[in-house]
Amino acid sequence: MRKYFLPYFVIGILLIGNNPLPSSAQTKSEAETAALQQQIQSLLQQVAELQAKLAIVQSSPTSAPSSLSQSPNTSQKHLTPPPALFSKTLRKGIRGDEVKKLQAILKQFSDIYPGGLVNGYFGPLTEVAVKRFQEKYGLEQAGIVGPKTREVLNSIGNRLVTEVSGLPTSNESPSSAPPPVPPPSGTLPAATTSTPKGLPPYFSYTWQGDDTLIGETRLPVPAPRPIVVLDGAPTVTLDTSAAVRLAQIHKIVLADDEIAWDAQTAGMLLEMIRRLPDTRYKFGDNKPWRVTLSDKLLTNDVEITAHTKDDAVRKARISKTAFRFSNPTLQPSTDGNSDRVFYSNRLFRATLRTFFNERYLLEDILAQRYGVKPGFADPRDEFQEFTQEELQYLITVLEDMPSGFHNIPGLEKIVRRKNGLTNPYHPGAPAIAWVGSGYIEFMDSAFVSGSEDYIRRLIAHEMTHFLWHKVLSEETKQQFMALSGWSQTPSLGLDKASQKGASDHPKAQFSVRPSSLNEIWYRKTTINFASDYAAFLNPDEDFAETVSYYIYQPDKVRTIAPDKYAFIRDIINRYEYVVLIDKRFTFQVFNLEPDVTFPGKIIGVDIDVAKSETSDNRVSARLHLSKKSGDGAERAYARIISPVDTTYVDVYFYPEDGNKYLLRADFTIVKSAARGYWTPTQITVENRVDNRRYEGQNQFGWMLFINNPDEDREPPVAHIDRIRSEVITNTLDHTVKIYIPISDNADREGITGRDSLHQYESGQSSFVYADFDKARQELVYSFPVRSYHARGTWTFREFWIFDIAGNERRYDLKEKALTFSISPHAPDYTKPELNISSIRIQALPQRPQTPDGETDVTIWYIARDDNSGLGNVNYQILKPTGDTLFDYHYHDNFYTPYFEGGLPTDWKQYEIHLTLPPGSPPGTWILQQIVINDKAGNILTSSFIETGILKPFEVK
């Protein structure tokens, strides 16, 4: 089974293995540093007297505090206001020390700035935190630090000056910050910060290893791409009477309204209809179709005209580009024989979307063609039917996969958990393959991202688990495991890992897997993995992830793991895949010397832990990298898991003082967190062009001991019998307020929650963080239901509560679920629109005379919405290496609750700007997809690539 963690998939919810564009590290000049330190020393003299007054300020968060220098107990010396920490107007896009100070203050409030990134760049995450801060203190929520907000910050900020000294100097690139998403379950609200000076560490650890590399220094020589002859001999003999047969038998009339149908296009459409089971009119709906062939680019190649039950004819347009590779063509082998065929399933998908666009038809296709039945698991009330779009995704993935995946042994059904509900055993998983029980379970998080690339790989991944467990022999499994050196025996002994540190260390660096997993696996290699997740857990997950990338991002496996590419090709009967592109969605990158080296392996680890004045634990961790290969690293990432396995902190390392061979992370583990040894699952080290080294926990030494005498390992308790709710209505919106009484035996701070209110029929939802009312001991949810949201019943059923120590508890209200009948006055159920023909791309090398890969890229697109307006927009670019660049487009209305600056129904041109770093791989880069969400949550996914398939030639 698969358990995703958010940092590995941004995916998107949750997402898979994509990394944002890196930005180069910047450091302050010596003069700036000296000036900052001088200011800090001056401010430190006033801290003691300010702290008492700050307690008063913090107890009244709903109004802006007055000047703290007017207390009668303040000496005359301090009647003059302290030096202002903030003197400038700060807004999104600004960099500098004042932004770092701002972030250092905001991160003290876990409900305001849960990410806690302190880097000196005022990005979208900082803007959202400022708005929350302004809301907390009764200020206008503009997201800009103006005079009134500066007054509040200057009043409360001096208490925190010790945290401003020595702040990290890593940068948040404007293109690297995703929109605010809830932190993963169990994560602590611990943010990157620095260890206060003058506090001696109570625990120190040093490990030194050797820098011997086992050939893992440069990208390997990729496996050769399969040869595709586009003008090969077609293998399907076209029916010259195809148009007549479509009309007489299938009631599909081909109209020449735009461009004329010919024997080729009519014949291939008939062939797609023949390929699918004869299900369309089984239940009596036999209205004829009038179908037009268009030379325009259409979203998903199809445009269906809305119709009512009174219409005698249904109408649709199909783009001619969908027919380009629909007829399989013979491909010559090295000996000249035609033993494989090449084709694309693009027209197959268009046919599904047009003529089988009903749930019962799609369910019938799944059962008849692939032997998989959509169904329900127990308890049944926790599951729902798949949407039509979800069923289309499942069918197209099965059709793309090798024929051996049709009627997969052991896979009997697929189930869909209700929107908003997570699996209670694996709450972070978007999908789980229950191989022993014969079904795959999908959560709504599998589909809400709208990313076609992610969704397809996820489905293929889960289906491949059945191949691993039900088809492959033990000998074949062992052969695959040998490619990465998978073993259940660690390769690094405790004697090497413990050259300095606690002598009674209980093998903590190996006991980092969740207790629900019975097997602990280790591997020797650090680079030949398709993703972070492939390297993370065990060979079963590695195999499933490799197959999914082999199909949908084949160049990634071909580049990073040519040995695995050859292995997969051989065991799936020589099926191979290629990416087919339209040149209008591509651009060129030039580089005379691309960066093809991996960061050096970790050869040293230094860890110090000290207590702060609040008794929290300030951790400083350094990674020493080998200089034998590459030019160091831009960053590293690790999830540090506590002794209780369910709580953790996510930690990011950046070059210390610009030294890319020495990465440092400074972070906090709060005083109520679990006591004992905290250990990383793995450390991912990346260079500027995202070449990654995945260091498993058996490949470096690590000991981090947290001494928390007052540890808290019990999550808060919700009293569900006393939940209250109300609906508040104003001119435009409704607000659903839910009050949940909470008790906590440890009486800790930082109790919170994050959940959604769902409208099941439309799939729309409203997500918020909960506030904790300390006086009433209640969590308070305030869900906005805007005027454009769906009408009908909105449901609050599942929720999570967690404390500052990271302890969490899930509640499913089941039959006690709260329901609210709400009727917004202008509901929006329609997806936004993208004018695909309007997309333009410009790429300009920054040094055209001596190109080094650094390239300025601009992407123009035109879009609109029929009602609520554009909201979240993201895009994905495919590199020549098969890796991807994923990012969000923060347009002017990205965060606004309502569309501003014109009418949402007007076509508007948008511009995406990004800069590729030096060392970027040369060649053709592809705009792979754009995903547009309107503010109501309707998703439009536009993919600009096509999957070409080569398979053995079979005579039927």
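Biologist: Which strand holds Arg-622?

Modeller: In this predicted model, Arg-622 sits in strand 16, residues 617–625.

Biologist: Why is Arg-622 called buried?

Modeller: Its relative accessible area is 19%. Buried means under 20%. So Arg-622 counts as buried.

Biologist: What makes the pairing of Arg-622 with Glu-656 a polar contact?

Modeller: The two side chains come to 3.0 Å. The cut-off asks for N or O atoms within 3.5 Å, one able to donate a hydrogen and the other to accept it. The side chains of Arg-622 and Glu-656 therefore make a polar contact.

Biologist: Which residues is Arg-622 in contact with, leaving aside neighbours within four places in sequence?

Modeller: Gly-604, Val-605, Asp-606, Glu-656, Leu-662, Leu-663 and Arg-664.

Biologist: In what order do the strands of the open sheet run?

Modeller: The order is 1-15-16-19-18-17-21-22, eight strands with antiparallel pairing.

Biologist: What makes strand 1 and strand 22 edge strands?

Modeller: Strand 1 (203–208) and strand 22 (692–696) each have a single partner strand. One side of each is therefore left without a neighbour in the sheet. On average, neighbouring strands of this sheet are turned by 15° against each other, direction ignored.

Biologist: How do you know that strand 17 and strand 21 pair?

Modeller: Strand 17 (residues 635–641) and strand 21 (residues 679–686) share six bridges, in the antiparallel sense. Pairing needs at least two bridges. So the two strands count as paired. Ile-640 stands opposite Pro-680 in strand 21.

Biologist: How do you know that the length of helix 12 agrees with expectation?

Modeller: Helix 12 has 19 residues, 452–470. At 1.5 Å a residue, they should span 27 Å. The end C-alpha atoms are 28 Å apart, which agrees.

Biologist: Why is helix 12 called largely enclosed?

Modeller: Because 17 of its 19 residues are buried, helix 12 is largely enclosed by the rest of the structure.

Biologist: Is Ser-319 buried or exposed, and why?

Modeller: Ser-319 has 0% relative accessibility. The cut-off for buried is under 20%, so Ser-319 is buried. Ser-319 belongs to strand 5, residues 314–319. Beyond its neighbours within four places in sequence, Ser-319 is in contact with Ser-294, Lys-296, Leu-297, Leu-298 and Asp-301.

Biologist: What makes Phe-355 count as buried?

Modeller: Its relative accessibility is 3%, and buried means under 20%. Phe-355 therefore counts as buried. Phe-355 lies in helix 9, residues 346–355.

Biologist: How far apart are Phe-355 and Ile-273 in sequence and in space?

Modeller: They are 82 residues apart in sequence and 8.7 Å apart in space, C-alpha to C-alpha.

Note on methods: Residues are numbered from 1 along each chain as its sequence is written. This is a predicted model: local features need pLDDT of at least 70, side-chain atom pairs count only at pLDDT 80 or more; totals for chains, interfaces and linings use all residues. Side-chain values use heavy atoms; hydrogens and water are left out. Helices (H or I, at least four residues) and strands (E, at least two) are DSSP runs, numbered from the N terminus. Buried means under 20% relative accessible area, exposed over 50%, partly exposed in between (1.4 Å probe, protein chains only). Contact means heavy atoms within 4.5 Å. The expected span of a helix is 1.5 Å times one less than its number of residues. Axes are lines fitted to C-alpha atoms, for helices over the stretch in contact, and angles run from 0 to 180 degrees between N-to-C directions.
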